[in-house]
Amino acid sequence: MKIHRFGIPVTWDEKEKQIVAERGISVQSRSEKRFGEMENLVYEPGNAPRDEVCYVFFQNIWEEDKEAAFTERKVTNGITVLSGGTMGMECRKNSGHYHGLNPGHTLPYPEAYEVLWGQAVFLLQKSGNFEQEDFVVEDLEAVFVNEGEKLVVPPFCGHCVANVGEGSMAFGNLAVPCPLHYEPIKKKHGFAVYVLKVDGRVVFVPNENYGKVPRLRVSKAKERPDLGLVKGKALYTSYTERPERFEYLWEPEKYRSALER
């Protein structure tokens with residue numbers, strides 16, 4: 001299947017679970033996560049075979065003649081493919097994490113995402129003290145993101161992506177490497193809500209391992225041209241045309257107010 005929305009000609013081979021790129025395009029790494037590695041994070045442990053692949057992710061995908069535009073700014077460009085179906089009643093998801101601080105910065109780095117096919121829910125839970133044992137969730141949001149839509153995860157927001165459509169789902173991301181904190185999520189056995197499918201409908205169920213959390217806000221993705229999120233244009237295309245428009249990825253302090261909006 002051709003991935004039309006990615007901005008460069010790459011294909012998804014469902015049988016081999018592999019990205020196939022045309023000549024002149026680099027795909028530098030592939031990793032996968034199986035249910036056995038996710039079991040501590042799910043709503044119903046034991047409801048899928050431990051060796052079942054939940055998602056596959058690829059990093060540093062770009063045209064070789066555009067590589068410098070990414071490497072000079074230490075920006076990675078990737079694709080993650082979540083398998084279809086559910087784990088018991090819970091929608092397929094990735095592990096989720098928080099971004100830590102890089103040296104010389106007072107804000108964690110944000111991250112830009114786009115849905116390449118399918119339908120996703122991005123869970124965003126903001127916490128300024130996520131490294132503490134009993135961290136406080138200050139804000140909790142579920143963002144529905146359809147094929148071709150994009151969003152930016154602001155600083156201090158833990159993020160997890162659930163596949164709420166039919167069949168597999170894929171998203172692309174632009175990010176600058178930073179410390180990734182998975183432990184706060186593992187200790188709580190997932191995010192503050194689980195995303196379930198009940199009679200074909202998406203249902204949010206509280207995670208009882210959290211204490212008091214803010215009421216869940218449900219929203220939709222919005223176009224943000226000031227942050228490079230342009231309707232009908234791939235993140236890859238927007239980035240390679242004007243990398244400086246994505247300066248917020250490596251200098252978030254300059255864009256605090258825009259990111260908070």
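1. The lining of the second largest pocket comprises 12 nonpolar, 11 polar and 2 charged residues. The model under review is a predicted one. The volume of this second largest pocket is about 510 Å³. Its lining counts 25 residues, and those closest to the centre are Gln59, His97, Asn173, Leu180 and Tyr182. Two or more lining residues come from each of strand 4 (53–63), strand 5 (76–82), strand 9 (111–117) and strand 14 (169–175). Strand 5 gives the largest share of this lining, with 5 residues.

2. The largest pocket holds about 600 Å³ of space. Its lining has 26 residues, with Val152, Pro154, Leu259, Glu260 and Arg261 nearest the centre. By class, 14 of the lining residues are nonpolar, 1 is polar and 11 are charged. The elements that each supply at least two lining residues are strand 10 (119–126), strand 11 (139–146), strand 12 (150–153), strand 18 (217–220) and helix 5 (256–260). Helix 5 provides the largest share of the lining of the largest pocket, namely 4 residues.

3. In what order do the 6 strands of the open sheet lie? The order is 3-4-5-14-9-12, with antiparallel pairing. Strand 3 (25–34) and strand 12 are the edge strands, each pairing on one side only. On average, neighbouring strands of this sheet are turned by 25° against each other, direction ignored.

4. The antiparallel pairing of strand 5 with strand 14 extends over 7 bridges, and in it Thr76 stands opposite Ala175 of strand 14.

5. Is strand 5 mostly covered or mostly uncovered? It is mostly covered, since 7 of its 7 residues are buried. In a regular strand, side chains alternate between the two faces of the sheet. On one side of strand 5, Thr76, Gly78, Thr80 and Leu82 are buried; on the other, Asn77, Ile79 and Val81 are buried as well.

6. Ala112 has Val152 in strand 12 as its bridge partner. Val152 is also among the residues nearest the centre of the largest pocket.

7. Pro110 lies in the loop between strand 8 (98–99) and strand 9. Its relative accessibility is 0%, so Pro110 counts as buried. The C-alpha atoms of Pro110 and Tyr248 are 7.5 Å apart, although 138 residues separate the two along the chain.

8. The structure contains 0 disulfides. Cys91 is buried, at a relative accessible area of 1%. Cys178 also counts as buried, at 15% relative accessibility, because the cut-off for burial is under 20%.

Conventions:
Residues numbered from 1 in each chain as written. Predicted model: local features only at pLDDT ≥ 70, side-chain atom pairs only at ≥ 80, totals over all residues. Heavy atoms only, no water. 1 Å grid on protein atoms, 1.4 Å probe; cavity = no way out; pocket = protein on both sides within 12 Å on 5 of 7 lines; lining within 4 Å. Points joined across faces, edges and corners; volume = space filled by probe spheres on them. Nonpolar A, V, L, I, M, F, W, Y, C, P; charged D, E, K, R; others polar. Pairing = 2+ DSSP bridges. Axes fitted to C-alpha atoms, helices over the stretch in contact; angles between N-to-C directions. Disulfide = S-S within 2.5 Å. Buried < 20%, exposed > 50% of the residue type's maximum accessible area, 1.4 Å probe, protein only.
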